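Dear colleague,

I am passing on the structure that we talked about, and below it you will find some notes on what turned up when I went through it. Please keep it open beside you as you read.

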Amino acid sequence: MDPEISIMLQCPSPKGLAETEVRAELSPAYDRRQLPGGQAWIDSVWEARCRYSPWLFNGSKFRLHSAQLDGGSLTFHLGLTCYKDFLGTNRAGMARHLQQQGWQDFGDSQAYLAEPLGVGAMVHTADDGFVFLRRSMRVGEAPGLVDIPGGHPEPQVDVPEESIRSENLPRQMVVKEIFTSILREIRDEVNLPLPTLSQPVLLGIARNQTSAGRASAEFYVRCSLMSEQVKQRYEIGGPEAQESTGIIFIKRETGGMWRELCPSAKGAVRLYTLVQGGEQ
C-alpha cells in the first residue's frame, strides 16, 4: 500500500453503511491529552501560520478517538478539537515526537494529537466519471495536488465556539452532521445542487500519514448529472471555488494520475475499490 495512507476501518462490502447504521459516542475522555507546555507551542505555530495566511479560521471540529464495527453498525468515539490544535500537532514539525510521547505515556501514538475527523467523497457522475479537483496553491494542505471534494464536519450548536461542550451535542445530530457535511462540501466546492446528489454511503475511514495519521471518513455519492453538466456547474463557481483551480474526471483506473493524488484522495479511492469493487 502507498506509504502516505493506511486504512483504519473498512465498512462491510459491497454496500458500505447508511446514516441509519452509524452511531456516535461523545465524551471529554476522547479529547486530546494535554502535554505540559504544549499549548504554548500550538499558539506560536498558529500565530506564525496566520501571519503567512491571514485568512485562516480556527473552527471547532470533532476529534476521532476510535471507531468500532459491531455487526452491521458502526460507532464513532468522538471528542472535540479545533483547527488551530490540528496545525500545532498533526501538521507541526514535532508531530512525530508527540506520537512517540503518546505511545510512551498512554500506549496511544495519537493521544497528544488533535486528530480532527475529515470527510471526503467519491462523487460518481451519471456517465461513469469520478469527480476530482486540482487544489489551489493557496490552501493549507496539499497545494497543487489532485483531491476529492471534502472537508470537516463541525459541531452545530447555537453557542460561541469557546463554549461548545460534548454534552451540548445530541448524538444522532452529530451523525447527521457527519453525513450532511460531505454533501455541503460537494455543493460548495463543485457547485452541485443538493437534489442532484444521492444520500452518502460510508465506505470506511482512511488515515493520512503525511498528517501524522489524521483520519477521514470516506463516502460514495452518486450524482444525477453528466460530467459535462458537472463541469459547467463547477465553472460557474460555488462558495468555496477558491479552494481549487480545475476539475478532472477519472474513470475506473487512476493510472498515472495516482502520483498526483493527495493522501485524502488516495484513501478514498482505495476504500472505494475495497468496499464496492466496481459494484454500482
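How exposed is Arg134, in terms of its relative accessible area? Please bear in mind that the model is predicted. Arg134 is partly exposed, with a relative accessible area of 23%, and its side chain meets that of Glu260 in a salt bridge, at 2.7 Å from N to O. This pair links distant parts of the chain, since Arg134 is in strand β6 while Glu260 is in the loop between β11 and α6, 126 residues apart. Glu260 is also partly exposed, at 28%.

A search of the whole structure finds 11 salt bridges, and among them is one between Lys266 and Asp2, whose closest N and O atoms are 2.9 Å apart. Lys266 lies in helix α6 and Asp2 in the segment before β1, so this pair ties together parts that are 264 residues apart in sequence. Lys266 counts as buried, at 5% relative accessibility, and Asp2 counts as buried at 17%. Together with Glu4, Asp2 and Lys266 are linked in a network of salt bridges.

Notes:
Residues numbered from 1 in each chain as written. Predicted model: local features only at pLDDT ≥ 70, side-chain atom pairs only at ≥ 80, totals over all residues. Heavy atoms only, no water. Salt bridge = Lys/Arg side-chain N within 4 Å of Asp/Glu carboxyl O. Helix = DSSP H or I, 4+ residues; strand = E, 2+ residues; numbered from the N terminus. Buried < 20%, exposed > 50% of the residue type's maximum accessible area, 1.4 Å probe, protein only.
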